[in-house]
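Q: I am new to this structure and would like to learn how to read it step by step. Could we begin with a single detail and then widen the view?

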Amino acid sequence: MKYELVKTQGNLFRLRLVRDLRLPDGTVMPAKRYGGLVEGEWNLCQDGACWVHTGATVKGMAQVSDDAQVLDGAILEGDFFLEGRASVGGVKVRLERGGLGGNAKVRHPSHVLQVQFGKYL
């Protein structure tokens, strides 16, 4: 097990690492470090180096897996998946439908309604 869920107000949980986690860039996040917010375990895979960082939120049926990173300011929701070494982050990045994989990156303020196969629709 990589993380546990800590109840917050409302229907979201804060992530807390239960073991050290080596991120894809080589940074090691120590056990007991808090991360971002999720609605449930279905939002973040327990395998790989995937992580939802502090200030980021994953909710609805959105899923993060493999080594994907959800960085500060990003909101993933609806039916969205983030996989591979893809990462999203930055102020007001909001992704709702579709998915990103490979080494795709979304950084600048944007509201993406749908992404498929790493391309904006």
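Predicted model: local features only at pLDDT ≥ 70, side-chain atom pairs only at ≥ 80, totals over all residues.

Q: Where does glutamine 46 lie, and with which residues is glutamine 46 in contact, leaving aside its neighbours within four places in sequence?

A: Glutamine 46 belongs to the loop between β5 and β6. Once the neighbours within four places in sequence are set aside, glutamine 46 is in contact with Met1, Lys2, Tyr3, Arg19 and Glu41.

Q: How should I read the pairing of strands, and which strand does β1 join?

A: Strands of a sheet pair through backbone hydrogen bonds, and they may do so parallel or antiparallel. Here strand β1, residues 3–7, runs antiparallel to strand β2, residues 13–17, and five bridges join them.

Q: What do β1 and β2 form, and how many residues are between them?

A: They form a hairpin with five residues between the two strands, and in the turn glycine 10 has a positive phi of about 80°.

Q: Which other strand is joined to β2, and how many bridges are there?

A: Strand β5, residues 34–38, is joined to β2 by three bridges, and these two strands run antiparallel. Across this pairing, arginine 14 stands opposite leucine 37 in β5.

Q: Which strands form the open sheet, and is the pairing parallel or antiparallel?

A: The open sheet is formed by four strands in the order β6-β9-β11-β13, with parallel pairing. Because β6 (51–52) and β13 (105–106) stand at the edges with a single partner strand each, one side of each is left without a neighbour in the sheet. Within this sheet, two bridges join β11, residues 87–88, to β13, and valine 88 stands opposite valine 106 in β13.

Q: How many helices and strands are there in the protein, and what share of its residues count as buried?

A: The secondary structure comes to zero helices and 15 strands, while 40% of the 121 residues count as buried. The accessible surface comes to about 6400 Å², and 54% of that surface belongs to carbon and sulfur atoms. Among contacts between residues at least 6 apart in sequence, 16% join residues at least 24 apart.

Technical notes:
Residues numbered from 1 in each chain as written. Heavy atoms only, no water. Buried < 20%, exposed > 50% of the residue type's maximum accessible area, 1.4 Å probe, protein only. Contact = heavy atoms within 4.5 Å. Areas by Shrake-Rupley, 256 points an atom, 1.4 Å probe, with all protein chains shown as cover. Pairing = 2+ DSSP bridges.
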